[in-house]
Amino acid sequence: MKNVFADAVTAIDDRFIAEAAEAGMEIRRGRSHISRRKWTVVPIAAALFAMAMFVVNAAAPVDLGFYLAAAFGDSYEMLDEMTSMPEPVAYRSSGEEIKLEMKGLVGDCQVVNVFVDVTVAAECGIPGEKYRPVMDLSDTGLPWETNLAAYGTSARVLGKTQNGDGSTTYACMLSLHAEDGVMASKYVVTCEGIAGWDTDYTDYHTMVEGKWTMAFSLNYNDLTEVLYPGIEGVMYGTYWGAVSEERTAEDVDAIEVTVDEVRFSPLSIGIYFSADLKYRDFFSEYMIEDIYLTKEDGTVITRRDYIVGPDKMLIRLKEEDQTWAELSEDEIADNHIELAGGGGGYNLREGEQYHGHHIFTFSAPLPVDEIESVTIGGLTIPLN
């Protein structure tokens, strides 16, 4: 069945993909049309041939050394099997001021990172260092693509190069998390111009404005391990309005959950759980603060913002009084891997249960074989 669905996706005429991307983005963002917009669509026969090549060569790593090192550090070789180089199936352009070039991507079943070069023509005359492309990554809006862009997109500039012809190239990474999975779909990279701050950070404005778009298919190897632990336990959270330095046990509440699924790879970890409808106030009013991975040697990998600066955040739940404790320096794994970003949410999908999830990415590739467990909200889930 999966192969049949994949064939159906790749057989769609790319004119419809372009039109769906146009309509989907306009509906979601409510933006007006921009003049001089044009689509360049790769002929369907060529696109299908390219897709056939994708299937054959998906396991072959592409040369993304600069981009992966800038995003994930020196151990990026661990991600080689998860990379690919798709050929865009359609382009749209507001003019010649900006050009997009796909460099490759890396991902798993719930996270995708897309590397794109954005070249800005010399005549645009970008001043200073505080200007950068305004970038977005989204699904094309086709009917089966639900919740794919639920978290929105984060975009980073990994490097900036002044070219010999006077143009400027920005090396960018766009990331998207999705609870329903990111595979077997087509995506759109959008650049809406170059914007930035003036020298004293008092005025943010757009220098180059328009819309430049590139549609492509995902085609990397998914190395995600999926566990179905079925663990039942208690998960704790802290009231949103509580001040960090003044938290007490009265600010902590708990729910009974079942951990239905854990997905993890060198790129990300996702925890998916369900709880009774009676806990709806917990989902809307409390935040789950502690999340860390415990390694075989007993040290932990925790959130980046918990270990930066002299004032550590309160992270570990103390079982004796349900208050939060700090991690000591010797408890934190000394391997430069941290939980670098994440997001979560909940919904009522069926019956009388809420379904919650938290997806976190890593600042460097995770050696999954060294991980014993993940702890979230005081509940520890074995991963071995």
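Glu-101 counts as partly exposed, at 42% relative accessibility. Its salt-bridge partner is Lys-103, with the closest N and O atoms 3.3 Å apart. The model is predicted.

- Lys-103 is partly exposed, because its relative accessibility of 24% is not under the 20% cut-off for buried.

**Salt bridge Lys-211 to Glu-192**
- Lys-211 pairs with Glu-192, and the closest N and O atoms are 3.7 Å apart.
- Lys-211 sits in strand 10 (residues 204-217) and Glu-192 in strand 9 (residues 186-197), so the bridge ties together parts 19 residues apart in sequence.
- Lys-211 counts as buried, at 2% relative accessibility.

**Salt bridge Lys-295 to Glu-370**
- The side chains of Lys-295 and Glu-370 meet at 3.2 Å, N to O.
- Lys-295 belongs to strand 16 (residues 291-295), while Glu-370 lies in the loop between strand 21 (353-362) and strand 22, so this pair ties together parts 75 residues apart in sequence.
- Lys-295 counts as buried at 11% relative accessibility, whereas Glu-370 counts as partly exposed at 34%.

- Strand 22 (residues 371-376) runs antiparallel to strand 23, and four bridges join the two.
- Ser-373 stands opposite Pro-382 of strand 23.

Definitions and conventions
Residues are numbered from 1 along each chain as its sequence is written. This is a predicted model: local features need pLDDT of at least 70, side-chain atom pairs count only at pLDDT 80 or more; totals for chains, interfaces and linings use all residues. Side-chain values use heavy atoms; hydrogens and water are left out. Two strands pair if DSSP finds at least two bridges between them. A salt bridge is a side-chain nitrogen of Lys or Arg within 4 Å of a carboxyl oxygen of Asp or Glu. Buried means under 20% relative accessible area, exposed over 50%, partly exposed in between (1.4 Å probe, protein chains only).
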